[in-house]
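Here is a short briefing to read alongside the model on your screen. Take a look at the sequence and the fold, then follow the topics below.

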Amino acid sequence: MSVPADEAGNPAHAIFERFLHAGECREVLGCFGELCQQLGLQGRGLQLYHGLKAALNYWSAKALWSKLDKKAGHKDYNQGTACASTKCLVVGAGPCGLRAAIELALLGARVVLLEKRDSFSRNNVLHLWPFTIHDLRALGAKKFYGRFCTGTLDHISIRQLQLILLKVALLLGVEVHINVQFKGLVPSVDTVGGQGGWRAVLQPDSSPLSHYEFDVLISAGGGKFVPEGFKRKETRGKLAIGITTNFINHHSQAEVEVAEISGVARIYNQKFFQNLYNKTGIDLENIVYYKDDTHYFVMTAKKQSLLKKGVILEDKADIESLLSPENVNRDALLSYAKEAANFSTNYRLPELEFALNHRGLPDVDMFDFTCMTRSENAALVREHNGARLLLGLVGDCLVEPFWPLGTGVARGFLAAFDAAWMVRRWAAGTPPLEVLAERESIYQHLSQTSPDNTHKNVSQYSIDPATRYPNINLQAIKANQVRDLYLVGMVEVDHKRKSDNRLSTAVSGDAYEDLLRWCQTSTAGYRGVEVTDFTTSWTSGLALCALVHRFRPDLLDFDSVDPQDPVQTHQMMLDTAEQELGIQPVLSSTEMATMAEPDRLGLITYLSQFYEAFKTSPEAEEVSKKPLSPHGTRGAILFLSKLQKRRNLTHKRAQDSAQKDAEVKRSRRNAEVGLPQVPRGMLCWPPARGESSDACYFCGRRVYILERASAEGRFFHRGCFQCWRCGATLRLGDYTFDEEDGHFYCSLHYPNPPSMELPQDEPPPLPDGVAPRGRRRLEEIEVTFRELEQQGIKLEKLLRDEDGAPADKKTQWMNQLLYLVQKKNSLMSEESDLMITVQELKLEEQQWQLDQKLRYYMNMEESLKTPEDSVAEHEILAQLLDVVNKRNALIHIQDEKRLSELQA
Ligand SMILES: NC(=O)C1=CN([C@@H]2O[C@H](COP(=O)(O)OP(=O)(O)OC[C@H]3O[C@@H](n4cnc5c(N)ncnc54)[C@H](OP(=O)(O)O)[C@@H]3O)[C@@H](O)[C@H]2O)C=CC1
């Protein structure tokens, strides 16, 4: 880069220009050291910044200073004094560590940043949200990297982003050390009366930084590094294999002309993927191409095609072994990636040449992108001998992004701002538990943020969370809920492997706390809703409405919910959740509206079903965007069963009306002669809809939570759910309920519709294949259900009866119970999927019958001529309408199924 002519004579200016345009990490650090030496500057922090500014006051530098001054002038930084006596250590010079370091420097803290690598070699390209673009521009990104966001799509390579941020950080006085690895924490031996700080154990241990004492540690070491004391959770979805690859960009005219691909997915362009497969044998779900420092491609590949093309050597059930280096043929992988890149750009990128990764190898990576980890908490405080240390996580270290959504760096920056806000509160002397509670309240929002639900006015963004998250409640979590984040003394280092963690989280992790937090995050910002517990917070029904509305705004209009009628509101939500989401009620609407302490368990287990239903996508908000889900089909089947129920009632009513007339007459006669009235069909048992949930509708005995099933607002043991006529076990969604006699029937034994003769043709036989296997699995599920029920009953009894048990014991039982509930929910969902398959076969048969009926009724309707036929006509029209409705419902279900297959 040439130095402007008028600056050439000034060596400091020339060095500064070299610094601005340096393209390697070491080069940047080298130039900066040289510059400080040339100017005789030795200070650090903002003092250094002011020194540089005073020394470099030529036009090009001045343009940068004016940007940074504007930034530094924000009131949150209090003119660089907000954290003047805070000493921070930041681990990791990835984009998020650097971004956090910049904020801390602007707050006036002393900031030391260390990074174990000595080069920035990540070629991969990150998608940028509008606020990140604005943010980087405000930091002078264009001054350092002229091509910043000049293309058609907004993105940047990780290494370019790191270079920009590193330069800003250095200018603001951050002390950056590369080739230094953080290994752990030790309280300073000099600590007296809380005056001392904490130090880092480093590699190499000869590093002078080993003596640096700090009171804030920000960990931004990426997904693989989390400091001791934090718990990680791993989520893994159904296997999805991502491949990333980078090719050298020579910036030739031919390359410039090739268009980027913002993302093409199979369901939107079947032809493209079919052609790709026919021509190359490569089978993809989607592909993205960004042109940046490199030509960057990212794609989701189907396992079978990787096996066929010899990329994966052997099919294995265990995902880690499947994608382990020993089971992957690297050369075949390189060819696969290159072929896909060539095809998708129409072979218009001349001679693709792999860029190299930090190991000097062709930059191609293959991984299961549904495997992600996140930290349960964003921060904690450690105290030893009176010395306190605030620890905060940012970036992948806090939450690993689900990369197809391109959320990584944006959420990483949001977390960096949140962490800086936390440090500001810490420096202001806010009590530690309050700082932690506020940080956790904010953290709840992170996983749900998107450009759509964060404030639109990105120019107003600052570290103050209220400028970014609409309706944020900074007190959603209370200080007493975060006590376990204040650790006194030394903590044990958790050396367990990720998979061990997964197991322990499932069995003994704090599922209860997780659920509470999830409910708090999901309902945050809704009018009249403040979730602090699993009892009174839910009585009005608004919290449940808010929870459902957050993920499925199409299911209800939150603003029109009447808070004055909680039973009605709950009933509406119970019905909606059951029909639309396949979530079974655990409590009745009356119980939900009163929420006595004993019902708490029921509510917790009910809400855990929502958690299961909505968490399926790592980005929960995406659930709401899915046009159809398996629950959709389930909902449709429930709908169909209700339709059938209504139809049958129509017939039954017609049959019963004559009988009723007779009864009315008899009743009148009895009254006339003074005989007592015996109301017909009046049942003392079972209870009406909306009442108790803990007595079985059928046998009257207690029904424990894990045994509980529900239909038509009645609760019962799964085993008691039988046809009133033949005693066959009924399944949810495959029964008929007669509201008048209060009995459930199987479809065979519901009182027959009017005896209109149907054509005698036989329906086609049900296809076989699914049925025997499905039936076997249903039997296995039944056995597991029974085991779970037994364990669940024991736990529920303990929780209800052992009132004096220690709190931690109770929490442990609660977590175990929730774990069983989760298992039960997933079994129920598997069961209902199987039932859907079985029912779909039945539906085919039904459709055939309906077609026959339709024809039959239409013929009958045509043959009616005389006025006396009007009653019969009315009945036939009702039948016709009914058949048409039912056919529509069937078509709806089949459409849904086809669509969800396409989506899957
Ligand atoms: N392949 C990809 O596409 C990747 C994309 N990203 C993107 O970048 C975003 C931001 O990432 P960010 O959170 O900043 O994390 P990064 O992984 O980018 O940066 C973390 C840095 O810290 C280093 N580090 C880890 N442990 C230590 C330690 N103990 N001491 C010193 N240094 C350490 C890491 O080195 P090392 O890596 O050697 O452990 C790495 O250089 C992500 O959300 C994601 O979107 C991030 C990583 C990879």
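A residue counts as buried if 20 or more other C-beta atoms lie within 10 Å of its own, as exposed if 12 or fewer do, and as partly exposed in between, with C-beta atoms placed from the backbone. This is a predicted model, in which local features need pLDDT of at least 70 and side-chain atom pairs count only at pLDDT 80 or more, while totals for chains, interfaces and linings use all residues. Residues are numbered from 1 along each chain as its sequence is written.

**Overall make-up**
- The protein chain has 26 helices and 22 strands; these are DSSP runs numbered from the N terminus, with helices (H or I) of at least four residues and strands (E) of at least two.
- Of the 904 residues in the protein chain, 39% are buried.

**Helix H17**
- Helix H17 covers residues 511–523, and ten of its 13 residues are buried, so the rest of the structure largely encloses it.
- Among the buried residues of H17 are Leu515, Leu516, Arg517 and Trp518.
- From first C-alpha to last, H17 reaches 18 Å, close to the 18 Å expected at 1.5 Å a residue (the expected span is 1.5 Å times one less than the number of residues).
- Glycine 525, with a positive phi near 90°, follows H17.

**Strand S10 and its partners**
- Strand S10 (residues 241–248) is mostly covered, with six of its eight residues buried.
- S10 runs antiparallel to strand S13 (residues 294–301), and eight bridges join them; two strands pair if DSSP finds at least two bridges between them.

**Nonpolar cores**
- The largest nonpolar core has 144 residues, and those with the most contacts inside it include Ala100, Leu104, Ala105 and Val423; such a core is a set of buried Ala, Val, Leu, Ile, Met, Phe, Trp, Tyr and Cys residues joined through C-beta atoms within 7 Å.
- Helix H14 (residues 408–427) gives the largest share of this core, 14 residues.
- Apart from it lies another core, of 48 residues, including Met573, Ile705, Tyr819 and Val821.

**Around the ligand**
- Of the 29 residues around the ligand, Gly92, Gly94, Gly222, Gly395 and Gly408 come nearest (a residue is near if its C-beta atom, placed from the backbone, lies within 6 Å).
- Helix H5 (95–106), strand S2 (110–115), strand S6 (181–187) and H14 each give two or more residues to this shell.
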